[in-house]
Amino acid sequence: MWIYEKKLQYPVKVSTCNPTLAKYLIEQYGGADGELAAALRYLNQRYTIPDKVIGLLTDIGTEEFAHLEMIATMIYKLTKDATPDQLKEAGLGDHYVNHGEALFYQNASGVPWTASYIQAKSDPIADLYEDIAAEEKARATYQWIINMSDDPDLNDGLKFLREREVVHSQRFREAVEMLKEDRDTKKTF
């Protein structure tokens with residue numbers, strides 16, 4: 001079903017070691033509105049959605065995994081030269097004690113990822129509105145991380161991710177309109 005290319009969807013660069021920015025980015029790794037939750041939400045919802053939009057959910061869901069890979073790479077690059085003292089100063093001391101340098105699915109506050117982040121109602125329009133909201137929340141989070149960042153190289157990748165959230169939201173909006181049109185069409189038996 002997939003072809004994996006051993007390259008990121010968009011190049012990831014960082015200017016300098018910055019564990020504080022890494023802490024903020026962890027939100028998009030394992031937070032409620034992060035890339036993992038989005039990927040799993042869309043790939044799960046596709047089983048109860050009309051055939052017309054299954055491909056959309058599959059495409060966007062798999063792209064979210066590519067975004068997750070980019071976020072993991074950003075976090076790694078921002079922390080790979082950090083000392084334990086720098087991690088502690090950035091608010092990642094607890095993470096370091098529990099996981100060392102390994103990534104862990106949690107939000108920026110250290111709360112572990114949970115399946116309760118994923119919504120599915122088996123109502124296509126309700127699910128797609130949930131998906132639009134998820135994309136808009138992710139877009140906003142990316143913008144807030146950009147606002148906190150002074151790293152132009154990192155910001156380039158974050159802007160790419162932010163813009164993909166906009167595109168995904170637009171595609172989900174189109175799918176809602178398509179399904180509403182079908183729903184409102186008079187059926188004759």
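I take buried to mean under 20% relative accessible area, exposed over 50%, and partly exposed in between, with a 1.4 Å probe and protein chains only.

**Basis.** I worked from a predicted model, in which local features need pLDDT of at least 70, side-chain atom pairs count only at pLDDT 80 or more, and totals for chains, interfaces and linings use all residues. Residues are numbered from 1 along each chain as its sequence is written, and side-chain values use heavy atoms, with hydrogens and water left out.

**Salt bridges.** I looked up salt bridges (a side-chain nitrogen of Lys or Arg within 4 Å of a carboxyl oxygen of Asp or Glu) and found eight in the structure. For helices I used DSSP runs of H or I with at least four residues, numbered from the N terminus.

**Lysine 137 and aspartate 33.** I found these side chains joined in a salt bridge at 3.5 Å, N to O. Lysine 137 belongs to helix H6 (residues 124–148) and aspartate 33 to the loop between helix H1 (19–30) and helix H2 (35–45), so the pair ties together parts that are 104 residues apart in sequence. I noted lysine 137 as partly exposed at 38% relative accessibility, and aspartate 33 as partly exposed at 22%.

**Lysine 52 and aspartate 182.** I found a salt bridge here too, at 2.8 Å from N to O. Lysine 52 sits in helix H3 (residues 51–79) and aspartate 182 in helix H7 (residues 152–184), so this bridge ties together parts that are 130 residues apart in sequence. Aspartate 182 is partly exposed, at 30% relative accessible area.

**Glutamate 174 and arginine 171.** In this salt bridge the closest N and O atoms are 3.9 Å apart. The two residues are three apart in helix H7, which means about one helical turn separates them. Arginine 171 is partly exposed at 37% relative accessibility. I also recorded one network, in which salt bridges with shared partners join Glu136, Arg139 and Arg173.

**H3 against H7.** I then looked up how these two helices lie. Their axes (lines fitted to C-alpha atoms over the stretch in contact, with angles from 0 to 180 degrees between N-to-C directions) come within 11 Å and cross at roughly 165°. H3 is therefore roughly antiparallel to H7, a term for angles over 145 degrees. The contact residues of H3 with H7 comprise 16 nonpolar, three polar and seven charged. I counted Ala, Val, Leu, Ile, Met, Phe, Trp, Tyr, Cys and Pro as nonpolar, Asp, Glu, Lys and Arg as charged, and the others, Gly among them, as polar.

Key
Angles under 35 degrees count as roughly parallel, over 145 as roughly antiparallel, 65 to 115 as roughly perpendicular and the rest as oblique.
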